Amino acid sequence: MCVHVRIVGCGLIGTSIGLALSRSGFRVSLSDPSPTSQAIARDMGAGEIDVTDAPEVVVVAAPPDVVVSVVRAELDRWPGAVVTDVASMKQQVLDELRSAGADLSRYVGSHPMAGRERSGAVAARADLFEGRTWVICPTQDDDPGAVAAVRTVAEATGAATTTMDAAEHDHAVAAVSHVPQIAASLVAVRLRELSDEAIGLSGQGIRDVTRIAESDPMLWTQILAGNAAAVAPVLDALLDDLGRVRQAVTDLAAGNEDGARQVLARVIADGQLGHARIPGKHGSAPTTYATLVVVVPDRPGELGRLFNDIGAAGVNMEDLRLEHGQGAPVGLAEVSVLPSVAERLRDELTAKGWSVHE
């Protein structure tokens, strides 16, 4: 029998879940306080609306500041359903549900580690979760069948599931998601007062660092407030490191070089070690790729031609970055591939007239 999943909240995450589950053969019903968001999600193919029969699983994708009340309402309304939420903080939700006397045997907190800078149903994608991690946070109160049901739903979206304690999850995402958002936003703030000439010097580095600074301020205020206890110690450690860097730079500016360069070198070296631990493609072990820089003329169709030529060479791109200097007649495509195929790809692209650099 087709499993019926009810999704409450038709924003980016809820609509993307609906699209993925509908594609996988689940029956999906949609609910959102906004009739417009609900209708957009339906029209995109994420599910049905105005469904009254009981679901087997409810996925609450409501904003963080109302997620507890919505989970409680869904548990009460559907006494036979398993309810999960996808909020990015788990301990606070669990504590408030327990304090409210909710039926925790049917509640399983979870969190898909996926998203976009854009928000709303119109930004949803059916492949948003493919190859991404979906954290499931069971408790001693959970029925094993409830945990299995949530895992089935998560894996049907293409995600790879992992299990963590709620508190462990919150400390992890504070370091890998929440503080990076703060850091990106703080760096982007420094750009506000720069002249147009200075901004024109922006390269790939500043784009990489500030990419997530486009995120929704209201959503992130709720996330940071909900996980404040886990975020605070990470910020404290970051401030300690930043203080050492500031002192080293201040000493250098004053002509006092005693030990200052070593501090800066250590920070960069330690950053390399941390970066090397980030999982590679599809959550695999970290992989070192070879990068080819291809000069792409600024003309319609040139980037498409490059992709076709890479495909014709039988090479899979592992990553791609584009950089375009202000006023330059060309762009630079940084194509990352497995080291074993880099030389062959370089030769084949060169033979087809591309200017390629390593």
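This is a predicted model: local features need pLDDT of at least 70, side-chain atom pairs count only at pLDDT 80 or more; totals for chains, interfaces and linings use all residues.
Local features need pLDDT of at least 70 and side-chain atom pairs count only at pLDDT 80 or more, while totals for chains, interfaces and linings use all residues. Residues are numbered from 1 along each chain as its sequence is written, and side-chain values use heavy atoms, with hydrogens and water left out.

**Stop 1: V60**

Select V60, which lies in strand 3 (residues 57–60); strands here are DSSP runs (E, at least two residues) and helices are runs of H or I, at least four residues, both numbered from the N terminus. V60 is buried, with a relative accessible area of 0% (buried means under 20%, with a 1.4 Å probe and protein chains only). Now show its contacts (heavy atoms within 4.5 Å): leaving aside neighbours within four places in sequence, V60 touches V8, V67, V70, V71, E74, V83, T84, D85 and V86.

**Stop 2: helices 4 and 6**

Next, select residues 91–99 (helix 4) and 166–189 (helix 6), which pack at an angle of about 145 degrees with their axes 8 Å apart. Axes are lines fitted to C-alpha atoms over the stretch in contact, and angles run from 0 to 180 degrees between N-to-C directions. Show side chains: Q91, Q92 and L94 in helix 4 meet A166, A167 and D170 in helix 6.

**Stop 3**

Conventions. Buried means under 20% relative accessible area, exposed over 50%, partly exposed in between (1.4 Å probe, protein chains only).
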